[in-house]
Amino acid sequence: MKSYTIAVIPGDGTGPEVIREGLKVLDALSGKFGIKFNFQHFDFGGARYLRTGETLPDGALDELKKFQAIYLGAIGHPDVKPGILERGILLRLRFELDQYINLRPVKLYPGVDCPIKDKKPEDIDFVVVRENTEGLYTGAGGVLKKGTLDEVATQESINTRKGVERCVRFAFEYCKKRNKEKKLTLCGKTNVLTYAFDLWERTFHEVAKEYPDITTDYAHVDAVTMWFVKNPEWFDVIVTDNMFGDIITDLGAMIQGGMGIAAGGNINPDGVSMFEPIGGSAPKYTGKNVVNPLAAICAGGMMLEQLGEVRAALLIEKAAMEVTGKHLKSLAAGKMGYSTSEVGDLVAKLVTELSPD
Ligand code: IPM
Ligand code: MN
């Protein structure tokens, strides 16, 4: 029997509620596919920080490196100043585990209310490959004369040839494997960010020569936001930097029906990857059993795919589609017609009943 060791970080807010449902679904699959999961829970997050003053304790990263994947709920606490947990936990994990890709599928599932009039599931089905360890996120820059009228604040976008190239290569490979149009769009801002996106553009075109079967395209980030709304069917795979990827994937989540369904993977193809619903900790819904666990469940599916359990991953997607298509009244918290745990029960039941093929 194949077995996988998974570090589980439920985290803050509604994180634990949705991760519980994700684990329920994974457990339901394990019998069917002869997979054994060894889950080990870690209590990193806002509550622990408030108790101990520690974000990630010493040795945590070394410990996490021993697992085959990390399954994360949400990081963010209303009583902790913005930036501390994000930098101290989430970004630190992404950076130190060198998870240089943030993979975010944007797919409109059947039955889901799309805020864009007349768009159907066949119109919204693309994937954003977001660089995840560089750009504006590195913390480069600084402040001078803080608090005075002469204050100077800089925040620099760091783009390395190596970092850009590995991200672009991943995107081409991903696009090649994805059974769609085989079209890769670089999303940048070459008309203003003439150093950073010049590097991106040159790298993109150089790597493109190795992929003659892939159609390449370029769009400025502002235009991309426009087209996500106007013509989302134009996109297949999009590759972009960290900051633009952050922004356009929130818009992507909205056009696919909201944060309740948006899943993502922080991927290190040669190391430990981490999977999470991208919606955050949703403090106002915490403990109410009303938020949608599908994003977390689908993140679990992405984790299975990364582990090589492709058929099990497909089954999660199939079950999630059945749930949106036939059961949920809405994807929004409190409006689903089901509680968080009932949605988990439903998906767990479906994955045992449905056939993956
Ligand atoms: C995301 C989040 C994070 C980011 C925050 C919480 C640091 O918005 O995963 O998209 O900006 O990457
Ligand atoms: Mn974000």
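Residues are numbered from 1 along each chain as its sequence is written, and chains are lettered from A and ligands numbered from 1 in the order in which they are written. Since the model is predicted, local features need pLDDT of at least 70 and side-chain atom pairs count only at pLDDT 80 or more, while totals for chains, interfaces and linings use all residues; side-chain values use heavy atoms, with hydrogens and water left out.

Let's start with the overall layout. The chain is assigned domain 1, made of 1-100 plus 262-357, and domain 2, which covers 114-256; such bounds come from an automatic or database domain assignment.

Now look at where the two domains meet. On each side, 13 residues are in contact with the other domain, contact being heavy atoms within 4.5 Å. Together the domains bury about 1,100 Å², with 56% of that on carbon and sulfur atoms. (Buried area is the accessible area, with a 1.4 Å probe, that two parts lose on being put together, summed over both.) Arg-87, Phe-95 and Tyr-100 provide 49% of what domain 1 buries against domain 2, more than any other three residues.

There is one salt bridge between the domains, a salt bridge being a side-chain nitrogen of Lys or Arg within 4 Å of a carboxyl oxygen of Asp or Glu. Asp-98 and Arg-166 form a salt bridge too, with their closest N and O atoms 2.9 Å apart. Helices (H or I, at least four residues) and strands (E, at least two) are DSSP runs, numbered from the N terminus.

Next comes ligand 1. Around it sit Glu-86, Leu-90, Arg-94, Arg-104, Arg-130, Tyr-137 and Asp-246, each with a heavy atom within 4 Å of it. Polar side-chain atoms of Arg-130 come to 2.8 Å from a ligand oxygen, and for Asp-246 the N or O distance to a ligand oxygen is 2.9 Å.

Finally, the salt bridges number 27. One pairs Glu-165 with Arg-161, at 2.9 Å from N to O. Both belong to helix 5 (residues 161-177), four residues apart, or about one turn of the helix.

Methods
A polar contact is a pair of N or O atoms within 3.5 Å; within protein, one must be able to donate a hydrogen and the other to accept it, and residues adjacent in sequence count only if both atoms are side-chain atoms.
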